[in-house]
Amino acid sequence: MNLRRLIYLSAKPSTELCQYFEERDWDVKAVRSSKDARKAAEDAGAAGGLLDLAAGLPSHEIEALETGLSIPNVGWVAIVSPGQLGDATLRRLVRDYCSDYVTVPFIPERVGRAVGHAHGMVALSGPPREDFIHSFAEGEMIGACESMLAMFRSIKKVASTDAPVFIAGESGTGKELTAAAIHRRSSRRNFPFVPINCGAISRDLVQSELFGYERGAFTGATQRRIGRVEAAGGGTLFLDEIGDLPIDSQASLLRFLQERKIERLGGHESIDVDVRIISATHVDLEPAIAEGRFRQDLYHRLCVLRIVEPPLRERGNDIELLALHLLSHFRKEAGRRLHGFSPDAMDAMLRYTWPGNVRELGNRVRRAVVMTEGRLITAKDLELDHVAGQAPVLLNSARETAERAAIERALLRHRGRYGEAARDLGISRVTLYRLMDAYQMHEPDTAGYKPRKRRHPPGSVP
Ligand SMILES: Nc1ncnc2c1ncn2[C@@H]1O[C@H](COP(=O)(O)OP(=O)(O)O)[C@@H](O)[C@H]1O
Ligand SMILES: [Mg+2]
């Protein structure tokens, strides 16, 4: 049993609260002074802290509180009586050192939740605690944000069926890990999981790689070779970068999906193969289908169930969780004693847009572990110093920047045709005009931008 520690600083500890926490597997240590609180927190490890200001503390204790509360491994929550925060000293202590406060009278659940959260945040920012991080995982995938939790639920759902799954998402978002997680949760888990990177096999070899060949099928085929499809028998076949599969091989794959039988190259018998198909791509297949590079009928066969992998920049604080997880992994590999990330590194990681997603994060952390000279990895070690320390972005200006960029891209894509750009953006023409007026945007032309002519008087509907 892993007990969480609670340091309870109070002149008059409540037995009811102590009991409440102990029943929920907290190891409660009641102390009466900051000095004792520091002593109780000394043996490192994250702890929750409960500071009871409502019960009153002697004035010399209030003065000593600042040093007591600054212990880095304790996440404090204050208990205050109504009006007590009118006192400037107490208000400052609570604001600077506590993550939350609860006013008396309270229900223990409210205190429990606040302290649980404070403890969790401290555990996160301390040296990486693998057991804590792994409480947010699906197979090898780490994630605690809403979109990842939704994806973990999808993984469980699709694992219980045998239908083909199609995974869409940018490079490095974890499509292969997702495929493996589905396999591991499915009834096929004791059979092979066979990944094939359709983009990495040369055009000439796709057929023989997928379906195998008989001895003598071609010059150099000195013995029979089993293809990847057959090798996955009973298990799961993961067709990665399916968009890169040459068109003639798409026909044979489709035939296999319809008949569930293969023929080895140069062979005559057809062999039944029972596999579950998961496919993935980082490119949008719609244009490939429109241009005849990807068969629509194959796409429909593959894309029965669809999972979309969220890009890293949309995973909020998961970036922190993943960075700590990767750090603890590479730290072991490099045999280095590193404590974590500096605040500017965390800040830069949250601001950066991560075009290479989790793979890029892994590469940057791995490099930083080798290059850093201190105990903490800085933004510079991550080569992200150019994104650190910028002024905080207000939501309104972030929204304007994003909207402007989307409108510019849509107009360029459609060579300034408003109707089509608006349709692409999922807004009406009127809304598009209104936004462009509001942002004083200009109409694109081939040489650059020129001021947009107003086509209707302000306030009117065209
Ligand atoms: N949620 C995650 N948790 C931990 N590691 C991840 C996660 N997503 C991706 N990774 C790691 O990032 C790298 C890229 O993942 P991968 O599945 O190959 O991405 P994709 O197939 O989408 O390009 C791998 O090293 C993988 O282990
Ligand atoms: Mg991949």
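Glu383 lies in the loop between strand E18 (376-377) and helix H17 (395-413). Helices (H or I, at least four residues) and strands (E, at least two) are DSSP runs, numbered from the N terminus. The phi angle of Glu383 is near 55 degrees, a positive value in a residue other than glycine. Glu383 is partly exposed, with a relative accessible area of 43%. Here buried means under 20% relative accessible area, exposed means over 50%, and partly exposed is in between (1.4 Å probe, protein chains only).

This is a predicted model, in which local features need pLDDT of at least 70 and side-chain atom pairs count only at pLDDT 80 or more, while totals for chains, interfaces and linings use all residues. Residues are numbered from 1 along each chain as its sequence is written, chains are lettered from A and ligands numbered from 1 in the order in which they are written, and side-chain values use heavy atoms, with hydrogens and water left out.

A positive phi also occurs at Asn357, where the angle is near 55 degrees. Asn357 is placed in helix H16 (residues 357-371), and it is buried, with a relative accessible area of 0%. Another backbone feature is found between Val104 and Pro105, whose peptide bond is cis, with omega near -5 degrees. Pro105 sits in the loop between strand E5 (98-103) and helix H5 (108-125). Most residues other than glycine have a negative phi, and most peptide bonds are trans.

Next comes the sheet. Five strands form an open sheet in the order E9-E12-E15-E8-E16, and the pairing is parallel. Two strands pair if DSSP finds at least two bridges between them. The edge strands, E9 and E16 (305-308), each pair on one side only. From one strand to the next, the twist averages 20 degrees. Helix H7 (residues 146-159) packs on the sheet and touches E8, E15 and E16; its direction makes about 160 degrees with that of E16. For such angles, axes are lines fitted to C-alpha atoms, for helices over the stretch in contact, and the angles run from 0 to 180 degrees between N-to-C directions. Contact means heavy atoms within 4.5 Å.

Strand E12 can be followed residue by residue. E9 and E12 pair in the parallel sense over five bridges, and the bridge partner of Pro195 in E12 is Phe238. E12 also pairs in the parallel sense with strand E15 (residues 276-281), over four bridges. Thr236 stands opposite Arg276 in E15, and Leu239 has Ser279 as its bridge partner in E15. In a regular strand the side chains alternate between the two faces of the sheet. Both faces of E12 are covered: Thr236, Phe238 and Asp240 on one side, and Leu237 and Leu239 on the other, are all buried. Five of the five residues of E12 are buried, so this strand is largely enclosed by the rest of the structure.

Leu237 and Leu239 also belong to the largest nonpolar core, which has 32 residues; Leu237, Leu239, Ile242, Phe256 and Phe294 are those with the most contacts inside it. A nonpolar core is a set of buried Ala, Val, Leu, Ile, Met, Phe, Trp, Tyr and Cys residues joined through side-chain atoms within 4.5 Å. The elements that each supply at least two residues of this core include strand E12 (236-240), helix H11 (247-259) and helix H13 (296-302). H11 gives the most, with four residues. Not counting residues up to four places away in sequence, Phe256 touches Phe211, Val229, Lys261, Ile262, Val273, Val275 and Ile277. Apart from this core lies another, of 28 residues, among them Leu321, Ala323, Ala345 and Leu384.

Ser34 lies in helix H2 (residues 34-41). It is buried, with a relative accessible area of 3%. Leaving aside its neighbours within four places in sequence, Ser34 is in contact with Leu9, Glu61, Ala64, Leu65 and Gly68.

The last stop is ligand 1. It is surrounded by 16 residues, of which the closest are Ile142, Gly172, Gly174, Lys175 and Arg359; a residue counts as near if one of its heavy atoms lies within 4 Å. A nitrogen atom of ligand 1 is 2.9 Å from a polar backbone atom of Ile142. An oxygen atom of ligand 1 is 2.8 Å from a polar backbone atom of Lys175, and a backbone N or O atom of Thr173 lies 3.3 Å from an oxygen atom of the ligand.

Note on methods: Polar contact = N/O pair within 3.5 Å; in protein donor to acceptor, adjacent residues only side chain to side chain.
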